[in-house]
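Hi,

Here is the structure I promised to pass on. Have a look at it first, then read my notes below.

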Amino acid sequence: RTQPHKPFSIKSQAAPVLSQDELKKLAADKAVDSVKSGMILGLGTGSTAAFVVDKLGLLLSTGQLSNIIGIPTSKRTQEQAASLNIPLSTLDLHPHIDLAIDGADEVDPNLDLVKGRGGALLREKMVEAASSSFIVVADDSKLVSGLGGSGLAMPVEVVQFCWKYNLVRLQGLFKELGCEAKLRLDASEKPYVTDNGNYIVDLYFQNPIKDGFGAGKEISALEGVVEHGLFLGMATSVIIAGKTGVEIMTK
Ligand code: 5RP
């Protein structure tokens, strides 16, 4: 007796699930496609921007790119780029940057950003403001519908002098958003000191910021505040890598 046919079964082949680092690298590689030989480049800070710097180092070492000058946004990035033999300079010597590529902590639908959880917001903002184009690279975990809406920190760099006074004033500015302000600490529970010798007060919001420009102005108006992590109207495009591939958001 013949056996009845077993129903034909297809083993569903799940699409490979990329890790967060693989997504960051995808976005970084896509952004580097916009880099041309001879450009002055703003080099961002953070784990996603580090993939950009790695790729630039590789393209320079294989001769696929040449005559690049990088303007790093932190000591960390400066060290990484130097180790890859990427020629470096400063904003003083190159006040006009062709293209900056950097990560972000939050990206809203208007391409406005929160940056600085890596502590480099001041130099990042200076370099990115001096750039003709600014491409943001991120994985899709960074997308928010409103800035401050991730529940994670929105950093403000403050001078060390009477930092607590400013922490209280910052928290008071956003009382109605359920804002909690905390001094950022380093791994040894000491105040985190930025590359510029300042402290960071991290703001945690229960509700997203409705008027980013208004909030930015109010923060900047406080004496002793050096810079805040709201990067508004600065990004030219955002490259987001997610499960469905790489998406380029432009205005
Ligand atoms: C550092 C930054 C970084 O760009 C931001 O924190 C994103 O970092 P990562 O790519 O590691 O998630 O603003 O000051």
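Predicted model: local features only at pLDDT ≥ 70, side-chain atom pairs only at ≥ 80, totals over all residues.

Now follow α2 (residues 47-61) to its partner, α1 (residues 20-32): the two helices pack with their axes 8 Å apart, at an angle of about 50°. Angles between 35 and 65 degrees count as oblique, so that is what α1 is to α2. The crossing is right-handed. If you want to find the contact on screen, look on the α1 side for K24, K25, A27, A28, D29, A31 and V32, which meet S47, T48, F51, V52, K55 and L56 of α2. Sorted by type, the residues of this contact are seven nonpolar, four charged and two polar.

Then there's the sheet. It is open and has six strands, ordered β2-β1-β3-β6-β12-β13, with mixed pairing. At the edges sit β2 (69-72) and β13 (245-250), each pairing on one side only. From one strand to the next, the twist averages 20°.

Which way do β1 and β2 pair, and over how many bridges? Strand β1 (residues 40-43) runs parallel to β2, with four bridges between them. L41 is opposite G70 in β2. Lying across both β1 and β2 is helix α3 (residues 75-83), which runs at about 155° to β2.

Cheers

How values were computed. Residues numbered from 1 in each chain as written. Axes fitted to C-alpha atoms, helices over the stretch in contact; angles between N-to-C directions. Parallel < 35°, antiparallel > 145°, perpendicular 65-115°, else oblique. Left-handed = near helix turned anticlockwise from the far one by under 90°. Contact = placed C-beta atoms within 7 Å. Nonpolar A, V, L, I, M, F, W, Y, C, P; charged D, E, K, R; others polar. Pairing = 2+ DSSP bridges.
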